[in-house]
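Q: I have a two-chain structure open and would like to go through it piece by piece. Can you take my questions as they come?

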Amino acid sequence: MKLNSLKYGLMGAVAMGAMSVSPTLADNVSACLITKTDTNPFFVKMKEGALSGAEKNGIDLQTFAGKIDGDVETQVAAIETCIASGAKGILITPSDSVALAPAVKQARDNGLLVIALDTPFEPADTADATFATDNFKAGVLIGEWAKAKMGAEAANAKIALLDLNVSEVSVDYLRDQGFLTGFGVDVKNPKDIGDEDDPRIVGNDITQGNEEGGRKAMENLLQKDPEINLVYTINEPSAAGAYEALKAVGREKNVLIVSVDGGCPGVQNVKEGVIGATSMQFPLLMASKGIEAIKTWADTGKKPENTPGLDFYDTGVQLITDAPVKGVESIDSKAGLGKCWG
Amino acid sequence: MTKNYEHSLPENKVDPASFEEHDRSFINHIQHFFHRNPTMVPVIVLALSIVVFGFVAGAKFFHPFNLSLIMQQVSIIGILAAGQSLIILTAGIDLSVAAIMVLTSVVMGRFAVVYGIPIYFAIPLGFAVGIFCGYLNGKLITLLKLPPFIVTLGTWNIFYALNLWYSGAQSIRGQDIDKTAPMLKWFGERIVFFGAQLTYGTILMMVVFGVLWYCLNRTAWGRHVYAVGDDKESAELAGIRTDKTLVSVYMVAGLICAVGAWASIGRVGSVSPQSFFEGNLQSITAVVIGGVSLFGGRGSIMGPLIGALIVGVFQSGLRLSGVDVLWQVFAIGWLIIIAVAIDQWIRKLSS
């Protein structure tokens, strides 16, 4: 027995040594970060925040990512690897809010603290805690801004809604329905995109969250009604695509585009008047808060608490616009460029 | 002694199966017709779908703007399909086309916009990268004797990873391109007439198909491509250097992807490393619906152009009829299966 454990201990030490050169490894807490992809600058920034937070707190961080958004298998495998590696906690942006629940339960049963970042599980208490942007509020802010900006014309708005994809994941409907709520449209079922019957809505189309999809979706909706004058977009790359489509028909000056994200190219587009207003989120903060929570959990066994009134910890959202309106708090693009990610 | 069974039949029954035979020969006739003219099936499908959607979706569908928009929306996938069909004609397949395209667009964009290198250097450099990617595919297939599906499945991942690493997954904004290298967006320029908006990218797509048609039908290289696809061993025996031909095909396809990359910057309006994730499958869809046989050696290069347009017409028509995106995907799925079923039926003749 003794010999065996010594042998395993040595093997472990050798293996750990091969992975890192940190001399204090034996005492270090280890943790995992599992993102949806490592392609999106949002997750790249999140990883950056997690790595620097881990270094500060003396935590060894392993990072994993799915190949594409929706890649559940890779994330499940990553969770299993984390459990096997003896990590104290997992920070995860779930690719599927429901399908990952069994793997998460397994991790928690093994004594790991599981924290969802950015995308909540359904139900949220699948994980020990959630650190995320209030996506509904992010939508509400740009909706209220657009309403105030249009003034009396808001009653005659012709709205295009550029959403993410066909599966209507939570971030997709929260932003979409938040925007409509802020603008003063009856959203009917707040979890369903496109069930509204307000005549001001021209239509919904999907963008896959990239420029190409944004352009195509905008072209499609302009075919339905060339008079569209207000465009909601799920994120800033799709907003850039929509702008190109509007430019192609010479309408870019007469249309208000609003978006969510706060990536640096997006904030730059606010500065140049491409996007009217965008709601900035803070991936770096999500990650560093998450790392701190794992550290606290490892040291004291205390779990993080939610923001009062919400079933997650709100990492904040900030409206960025160069045309501030009364009643909606915002900062300008210059200040925004100092805070943007990616 | 041989018995004459025929003799026992009454005079008027000498040709007892004449009606049936007539029927069979009619279907045979169609089969032969399509065998000789492989592009006719997609042409008929395209014509039918235009008529049907014209009825269902109404006048908006026939508006010159909408028709030119369909062309514009399929132009990039169409260009990829041109390269793809070249490879499928050799009985291969290329899963890496879209990854090559996105990678080369990032190379062009970064060199021209980020490093400020003149456009007449940055674009040829992108072409060189595309050709090299194709060369790598071709060499792996011929040298290591690996199936094209496996090789390009691998390189698809490799090129995609390189693209994300090199771009940092970050788009280059259209406004920055306008400032430093507007020529990158040249294919987004348009000619407007009668309400139609013909982009240079759309014209480029047709030029690519035209040039390929000429090369395949009027040059020795083209005959070699068909020969290699039809029967590689006989082609070898006939003195064709099949491996060399194959490598050249993948290199040309790589070049076409790079040309598509330039056009895609004009179409999208920015350099977007995350666009066209499913471009490879969409290009294969266009080729298959265009009647090019996945078994190689059979099909016209013009088929995939029609195939791409069919997909565009279906999407536009269903959309204008108010059909959900989900059912557009569903319809394209059936189109693929029907197209291959028809191809199989026509191929029965040659076997």
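Q: Which strands does helix α10 of chain A lie across?
A: Helix α10 (residues 283-300) of chain A lies across β1, β2, β3, β4 and β5 (129-132) of chain A. Its direction is at about 170° to β4(A). Axes here are lines fitted to C-alpha atoms, for helices over the stretch in contact, and angles run from 0 to 180 degrees between N-to-C directions. Helices (H or I, at least four residues) and strands (E, at least two) are DSSP runs, numbered from the N terminus.

Q: Before going on, what kind of model is this?
A: It is a predicted model: local features need pLDDT of at least 70, side-chain atom pairs count only at pLDDT 80 or more, and totals for chains, interfaces and linings use all residues. Residues are numbered from 1 along each chain as its sequence is written, while chains are lettered from A and ligands numbered from 1 in the order in which they are written.

Q: OK, back to the sheet. What's the strand order?
A: Six strands of chain A make an open sheet, β2-β1-β3-β4-β5-β11, with parallel pairing. Two strands count as paired if DSSP finds at least two bridges between them.

Q: And which helix packs on it, touching β1 to β4?
A: That is α2 (residues 41-57) of chain A, which touches β1 (29-35), β2, β3 and β4 of chain A. The direction of α2 makes about 165° with that of β2(A). Contact means that the C-beta atoms of two residues, placed from the backbone, lie within 7 Å.

Q: How many bridges join β3 to β4 in chain A?
A: Four bridges, between residues 89-92 and residues 113-117, with the strands running parallel. In that pair, A:G89 stands opposite A:L113.

Q: Different topic. Where is the cis peptide bond?
A: It joins A:E122 and A:P123, with omega about -5°. A:P123 is in the loop between β4 and β5 of chain A.

Q: Which residues other than glycine have a positive phi, in A and in B?
A: A:K188 is one of them, with phi near 55°, and B:F276 is another, near 60°. Most residues other than glycine have a negative phi. A:K188 is in the loop between α6 (170-183) and β7 (201-206) of chain A; B:F276 is in the loop between α12 (242-268) and α13 (279-289) of chain B.

Q: Is B:F276 buried or exposed?
A: B:F276 is buried, because 27 other C-beta atoms lie within 10 Å. A:K188 has 14 and so is partly exposed. The cut-offs are 20 or more other C-beta atoms within 10 Å for buried, 12 or fewer for exposed, and in between for partly exposed, with C-beta atoms placed from the backbone.

Q: How many residues of A touch B?
A: 24 residues of chain A are in contact with 23 of chain B. On the chain A side, α7(A) gives the largest share, seven residues.

Q: Where is confidence lowest in chain A?
A: In helix α1 (residues 2-19) of chain A, at a mean pLDDT of 45; pLDDT is the predictor's confidence in each residue, from 0 to 100. Over residues 1-26 of chain A it is below 50, and beyond near neighbours in sequence this stretch has four contacts in the model. Where pLDDT is low, the predicted coordinates should not be read in detail. Chain A as a whole averages 88.
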